[in-house]
Amino acid sequence: MNATESKNAFSYEDTLSFENAIGFENKYLYEQDPAFSPEMNRKKAIEVKDLNLWYGGNQALKKIYLDIPKNKIFSLIGPSGCGKSTFLRTMNRMNDMISNCRIEGKVCVDGENIYGKGIDVTGLRKRVGMVFQKANPFPMSIYENIAYGPKIHGVSKKEIPGIVEESLRCAALWDEVKDRLKEPALSLSGGQQQRLCIARTLAVKPEVILFDEPCSALDPISTGKIEELMAELKKDYTIVIVTHNMHQAARISDCAAFFLSGELIETGKTAQIFENPQDKRTEGYITGRFG
Amino acid sequence: MTKHSLRDFRENFMKSLFLIGGIGTLLILLLIFAFLFAESFNFFKTYDFWDFLTGTEWKPGASPEMFGLLPLLAGTAAVTVGAIIPAVPVGILSAVYISELAGPKTADILKFAVELSAGIPSVVLGFFGMIHLVPRIQSVFDLTTGQTALTGSIILAIMALPTIISVSEDAISSVPAALKQGSFALGSNHWQTIYKVILPAAVSGISAAVILGIGRAVGETMAVMMVTGNMAIIPGSDIFLSSVRTVTATIALEMGEVAKGTEHYYALFTIGAVLFVITIGINKIAEAVKRKHKQVT
């Protein structure tokens, strides 16, 4: 499936009614702010219904309902061990790699339940890309790192140099590395490596990009660059980010969800979560009383 | 003696103990080294260096006596190459299976099996080869004798496998999980991840494993001597199906019956020195490969 095509497959004149398109669980998100106009949010990128997850006998996610709108930055916040990273990883089925992990419920990407029967997991991961906490470039050249994804998905050799340049440009790394594409990726600085990983993800043309604390190992300047980049990327992609940094969540995200002990406590647009939280526990965490 | 000076004394005592240990090791090495090369030097007093290095005949009993290195080198090379060709792919595939594909229980059983097979004494393997392999090779290829380079290669491959498997398996297992996850997150399947990310990241350890395996094959004496026929001739095109004699087997076979101080006696030390140089060379190559491709951690 061509990812770009599917992204443009719906039009703003879509006949689907707004009320049907968004879940009732976080409907107020769209009703209270004109910035979230119905046109912008006619489609949800990801829809999570009654999601439960266990590591062995320990339930790590409890009855999660959440809709993630397209072309927005959605941040997942909460104290360590609250399940936000686990939740992020349910969206591209990275939890499959953990042997004692059991999942019930639905996660729909573009309307399709990714835990349904006959789902092609590698195809899913192409559509839902992921950037990790610690930059993990492959031990090969800068060029090969970006070309890796397109190559395994069978993109023709002629197109690859173009994709590499485009991806590096999108990740705001092109000017810094264009003369040293053959050098090992591990020779880049930490911040550059993380942008390389973002470029690598962009190269397979996903619809959604999951960021798992992408800046926690970076200095403030590199962090600023990544944040700028995300703001740029949301024009074309849906972004979900897990962050420990409250200021970062407030700065960059459009919507936020607060997790505590495996439960989704509250979700809404970021300004509302931070300025006028509805739940005492959210308020406690935001104001720094715990977490 | 005060408490303080007692402590100093113990400190110095321990230090000198370690120093003696370190120097002792070095001394033993230097002695062997000096001995080996002194005896070789004696050999070249009476035998021409180039005649030795390029000689195609090893005939200690003949007159004049011939001490050509090439047939022995050819024998060692034949059994080593013959062992490495099957052992390397099988070893690496097994290592990948154990570290990436097998379930935890299967992996444990396989690891245990590899450890066990590393512990089989070489003479036992040689005996096994003599009884079971030699007659079969003889009948399958319709030869006058089943004691061939091929037979030696098979036994050596079995001996080199545990080394290759366990060292490669270590290297593959120590590739960081983050790399694997990064590859999966891009939508690659397990096979692509193994082939394009994990194996290249582990290449330094895997090369070390292969070189260690070669080292094992080059230095092995007993098992090879028991199954290769020990004919000191340069094999022709049928190299794997002819009897060969390795450098190590030559020393083991002839050292018992040689008179001390004769040219033949010195010749045996000289080929010992050659073996020593080869082994050092292999270790140096292993180090260079390790330096060139750093293990990714």
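This is a predicted model: local features need pLDDT of at least 70, side-chain atom pairs count only at pLDDT 80 or more; totals for chains, interfaces and linings use all residues.
**Figure 1. Overall make-up of chain A.** Chain A contains 13 helices and 10 strands. The chain has 291 residues, of which 56% count as buried. Among the contacts in chain A with a separation of 6 or more, 67% are between residues 24 or more positions apart.

**Figure 2. Overall make-up of chain B.** Chain B has 12 helices and 2 strands. Read from the N terminus, the order of elements is α-α-β-β-α-α-α-α-α-α-α-α-α-α. Along the principal axes, the C-alpha atoms of chain B fill a box of roughly 75 × 70 × 35 Å. Of its 297 residues, 41% count as buried. Residues 24 or more positions apart make up 71% of the contacts in chain B with a separation of 6 or more.

**Figure 3. The aromatic pair of A:Phe87 and A:Phe259.** Over all chains, the count of aromatic pairs comes to 20. In the pair of A:Phe87 and A:Phe259, the ring centres are 5.2 Å apart and the planes are at 40°. The pair is classed as tilted, because planes count as stacked under 30 degrees and as edge-to-face over 60. A:Phe87 belongs to helix 4 (residues 84-90) of chain A and A:Phe259 to strand 9 (residues 255-260) of chain A, so the pair ties together parts that are 172 residues apart in sequence. A:Phe87 counts as buried, with a relative accessibility of 0%. A:Phe259 is also buried, at 0%.

Figure 4. The ring centres of B:Phe44 and B:Phe49 are 5.0 Å apart and the planes stand at 65°, so the pair is edge-to-face. B:Phe44 has a relative accessible area of 26% and is partly exposed. B:Phe49, at 40% relative accessibility, counts as partly exposed. Both residues belong to one aromatic cluster, made up of B:Phe43, B:Phe44, B:Tyr47, B:Phe49, B:Trp50, B:Phe52, B:Trp58 and B:Phe67.

**Figure 5. Charged side chains over aromatic rings in chain A.** A:Lys182 places its charged end over the ring of A:Tyr143, at 4.8 Å from the ring centre. A:Arg200 lies over the face of A:Phe138, and here the distance to the ring centre is 4.2 Å.

**Figure 6. The interface of chain B and chain A.** On the side of chain B, 17 residues are in contact with 23 residues of chain A. The two chains bury about 1,600 Å² between them, and 69% of this area is on carbon and sulfur atoms. B:Gln181, B:Ala185 and B:Leu186 supply 38% of the area that chain B buries against chain A, more than any other three residues. Across the interface there are 0 salt bridges. Polar contacts join 6 residue pairs across the interface, counting pairs with both residues at pLDDT 80 or more.

Figure 7. Which helices of chain B each supply at least two residues of the side that touches chain A? They are helix 7 (177-185) and helix 8 (190-201). Helix 7 gives the most to this side of chain B, with 7 residues.

Figure 8. A:Gln192 is placed in helix 9 (residues 190-202) of chain A. With a relative accessibility of 13%, A:Gln192 counts as buried, because the limit for buried is under 20%. Leaving aside residues up to four places away in sequence, A:Gln192 touches A:Leu173 and A:Glu176.

**Figure 9. Surroundings of B:Ile194.** B:Ile194 is a residue of helix 8 of chain B. Its relative accessibility is 4%, and B:Ile194 counts as buried. Not counting residues up to four places away in sequence, B:Ile194 touches B:Val96, B:Glu100, B:Leu101, B:Leu199 and B:Pro200.

Notes:
Residues are numbered from 1 along each chain as its sequence is written. Chains are lettered from A and ligands numbered from 1 in the order in which they are written. Side-chain values use heavy atoms; hydrogens and water are left out. Rings of Phe, Tyr and Trp (its six-membered ring) pair if their centres lie within 6.5 Å; planes under 30 degrees apart count as stacked, over 60 as edge-to-face and the rest as tilted. Helices (H or I, at least four residues) and strands (E, at least two) are DSSP runs, numbered from the N terminus. Buried means under 20% relative accessible area, exposed over 50%, partly exposed in between (1.4 Å probe, protein chains only). A charge sits over a ring if NZ of Lys or CZ of Arg is within 6 Å of the ring centre and within 35 degrees of the ring normal. Contact means heavy atoms within 4.5 Å. Buried area is the accessible area (1.4 Å probe) that two parts lose on being put together, summed over both. A salt bridge is a side-chain nitrogen of Lys or Arg within 4 Å of a carboxyl oxygen of Asp or Glu. A polar contact is a pair of N or O atoms within 3.5 Å; within protein, one must be able to donate a hydrogen and the other to accept it, and residues adjacent in sequence count only if both atoms are side-chain atoms.
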